[in-house]
Amino acid sequence: MTIPSHVSWFKDIGLQDRPYVGGKGGSLGELQRAGIAVPAGFVVRTEAFERFVLALEQRSTIRSRVERLDPNDLQQVEAGSKELRALVEGASFPDDLNEALLEAHRELMGKSPFPVAVRSSATTEDAADASFAGLQDTFLWVTSASDMLARIRTCWASLYSVESITYRRRRNFPEAGVAMAVVVQTMVDARNAGVMFTRSPLTGDRSVITVESAWGLGSAVVGGEVTPDRWVIGKITGEISVRTVSDKAIEHLPAEAGGILESPVSEDRRNSPSMSDPELQNLRQIARQVERHYGCAQDIEWAVDRRSGQILLLQSRPETVWSMKDAAPVASAIENPLLHVMNVFGGRR
Amino acid sequence: MDSMTKPTGFPLPSSLAVLPGTEAAQAAYPYYMQFTPEDDKRFWFYNSMHFPEPMSAFDMVTAEAAYVALGSVNTRVHCLPTTLGIDYRIVNGRVYIGGNGVTDPEEINRRTQEFLQRAFYYYENWEKLYAQWKEKMMTLIGEAQALPAPALPEFEPLEHVHSGRGVASNHYLLDTYQKTLEGYYRMWHHHFEFLLLGYGAYLTFFGFCKKAFPEISDQTVARMVAGMDAEIFRPDEELRRLARCAVDLRIDSYFVEGHSVDELMAQLAAAGEPGKKWLAELEISRHPWFNINVGDGFYHYHRSWNDDLSMPLASLPGYIARVKAGESLERPMDQLQAERKQLIADYRELLSSDEERAAYDQMITLAHRVFPYVEGHKFYCEHWYTNLFFNKIREFGALLSEHRFFADKEDIFQLTHYEVESAIIDLMTAWSTGSHPRGPSHWPKIVAERRAAIAEWAKHPSPPALGPVPDIIDDPAIVMLWGITRESLDAWLRADSDTDSHEIHGFAASNGVVEGTARVVRSVEEISRLKQGDILVCQVTNPTWAPIFQKIAAAVSDIGGSMSHAAIVAREYGLPAVVGTGNATSKIRDGQRLRVDGGRGVVTLLD
């Protein structure tokens, strides 16, 4: 019998590992394998969670207790959730797991001695679960190994939030299958960050990339707290057909004590574009590479490292809005190809 | 709806007064070109793309012959289902045109049946018919070249008498003149034989791309279709070749800014073997490639490079400097071909299904088949043949001015083509009777009057359009050739009512953003005012101004679409260009600071 590993580095995993590393972890591994720069990091696999819960079950009941909760009795669920979360957050890791996590953290610090982001990486895939997974947690700018350990437990504890428990109980999911992976990756001290779509959100055009970007960490853009700069770039030609430089009043920056703070942007930078043209072209190449790799349009989060100027991808997931709308082809081949010209000469029909 | 805020039409033709003092000159144009009260009911637009300046009486033949031929092909030859020909009128020297759409569904259906038998035959046999077209064109050019110079000897040459020719020299004036005119009308039929079908096939592909990729730029579609070795690039390529040649022969020091052609030619002739060699190379380039005129061939004063070498030679110092800086100046044809192929493949890959890809393949295949004609015909028609035509008329001008009909041979262009014939017959008569011709006491005053009228008309801009705006513009000819759509008319109307705007919108013709000083060029003669880095603002940018494209930083025009030659040359030179703005030349001051965003089609006035 092989001992299941508790930790996997991004380079060693891909999308097929999602049951053990979650969607976020699998995607980061896949990106790195495709040759795309992502912040260094590892995934705390579901096996680690399993090991942690089993150790905890020695002392107190966890899973059977959840299964006994009545989703229609909110008071009961709230009380249960509170206790279970406290239990998970307060427990210590089994020694071997503790050591594995600290070792991984040390190795990561050896590569890039910076604070880390700790993010839950849900193993479920369907759309409803994905939005539910959004309730789970992301902790930015985690500065020490002990904080990291605590944040991993907080992520796991989020499985026992009122919403999560209610969701699972309503569907009668067996608790034995419930697990969560956690991504730990080097924090990017972002000069600017944002999102991009490899398909126009406005028209569904597959030949353009829409980029949105603002100063500082990407959380300000994703959270809608700042109006980002916006560009539309020809995917193939690189033509920049739309340039909207916005007044970017605030930015998210790392706080000294860990976490992030909101800070006003200095007057000279507020109305300056947060990306240069060559950087936009680099972004375009990355977008094409990722899209080619996945074979479908992508919705990508990225950041520009303040020190190196390197563009790093934080996340990439399939675009869903337009791909569901794709219906009839614009035109089909016809037996006499000349008849196509009747679109022009035949008048409006 | 919002008719309170949005103007719904342009001035009526009847409200457009003939400028005081120019009434006689206006009346000189044939009756069928004059506006009538009936014309108020129709929509007209100023064809400033082809006729950016007031037309002299003779030059109206360029509109007449062109619309006669265009209409024949649309209405009677290929039978376009939804449109007949284009009517034209002239007021204050400005040419207004209006399409004749077909709207009755039954009639469209009837014409469609005809169209399928005619146009489709052309598409199916395109290569064969186009090869035949080139032969016809070369025959026509040969015939024009073979026409004798008009001359009247004092006595009929003895050999004519002894050979029993039986027809005196004065008859050959009329004969040559009529053949000259006939050849010109014929040329325009050739010009339109393929043109609408060619544009139509291109627009079919264009329409598909716009649906499949709603945000694709016009110029990207144009790049997928445009050829690399079209004749229109050739004259400029010859100049680059001559620049390389001058450097290779080590005579480049003779080519300096500001030297006259005569000075240069004299110096080269005296420069021994290398100078002679270069002059021989120049002759190779000139025939036929310098048969390109500095306009679009619609004005007699758009002289060809062959007629006035100063235009092409002025660009040589710039090209020579680039050769010496290590540039090859050669257009990398293989690379351009490969880029186009890649572009087509890349967009193809983005399509949503194999079904769409199959349709895309069909449409671009047809566009590629027809496009050589669209790109190539201008060199033969508007340039080469047109130069021969105007120069032949000029020979008549020389003969008539020799007989004191007017002071200068160029004055002949102030007469309509009917009046030229009457002057020739006057001269023929006088030669035969031994009396004095009547012309010398008749024409000089009229010529002066008409010259003054043109000068006056040129001072006053004309409205971009006249009459009520149609609900839809569904006429493929108007859309294809002039890029006029309901949207562009609305933009013109907005521009009219919103004179404070600091932005001018047009077609995004060539990518890039540039700031610079505006140089508003209203006629070919003003080209020399352009300085390095200026932004060219004109009614219609012209590809045969190619050499000035190495000087300017960007181009802005009143009229033109993304496939206008201006757009093609701008892209070739990598210059931002915004075309089809409707009114840039009247809204932009000479010397004003501008920002031109060729990717968005926006010109911003900076001061």
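Modeller: Start in chain B: His505(B) has Val602(B) of β12(B) as its bridge partner.

Colleague: What kind of model is this, and how are residues and chains labelled?

Modeller: It is a predicted model, in which local features need pLDDT of at least 70 and side-chain atom pairs count only at pLDDT 80 or more, while totals for chains, interfaces and linings use all residues. Residues are numbered from 1 along each chain as its sequence is written, and chains are lettered from A and ligands numbered from 1 in the order in which they are written.

Colleague: What makes β5 (503-505) and β12 (602-605) of chain B a pair?

Modeller: Strands pair if DSSP finds at least two bridges between them. β5(B) and β12(B) have three, in the antiparallel sense. So they count as a pair. Strands here are DSSP runs of E, at least two residues; helices are runs of H or I, at least four; both are numbered from the N terminus.

Colleague: How many bridges join β11 (593-597) of chain B to β12(B)?

Modeller: Four, and the two strands run antiparallel. Leu594(B) stands opposite Leu605(B) in β12(B). Four residues lie between the strands of this hairpin, where Gly601(B) has a positive phi near 75 degrees.

Colleague: Why is Gly25(A) called buried?

Modeller: Buried means 20 or more other C-beta atoms within 10 Å of the residue's own; 12 or fewer means exposed, and in between is partly exposed, with C-beta atoms placed from the backbone. Gly25(A) has 33 such neighbours, so it is buried. This glycine lies in helix α1 (18-33) of chain A.

Colleague: Which residues does Gly25(A) touch, leaving out those up to four places away in sequence?

Modeller: Ile13(A), Val43(A), Ser121(A), Ala181(A) and Val183(A). Contact means C-beta atoms, placed from the backbone, within 7 Å.

Colleague: What order do the strands of the chain A sheet take?

Modeller: β1-β2-β5-β3-β4, five strands in an open sheet with antiparallel pairing.

Colleague: What makes β1 (7-9) and β4 (138-142) of chain A edge strands?

Modeller: Each pairs on one side only.

Colleague: What makes helix α8 (218-225) of chain B mostly covered?

Modeller: Seven of its eight residues are buried. Among them are Asp218(B), Val221(B) and Met224(B).

Colleague: Where do the domains of chain B run?

Modeller: Domain 1 takes 1-115 + 436-498, domain 2 takes 231-330 and domain 3 takes 501-605. The bounds come from an automatic or database domain assignment.

Colleague: How many residues does each chain bring to the contact between chains?

Modeller: Chain B brings 40 and chain A brings 29. On the chain B side, α7(B) gives the most, eight residues.

Colleague: How is that chain B side split by class?

Modeller: Into 21 nonpolar, twelve polar and seven charged residues. Nonpolar covers Ala, Val, Leu, Ile, Met, Phe, Trp, Tyr, Cys and Pro; charged covers Asp, Glu, Lys and Arg; the others, Gly among them, are polar.

Notes:
Contact = placed C-beta atoms within 7 Å.
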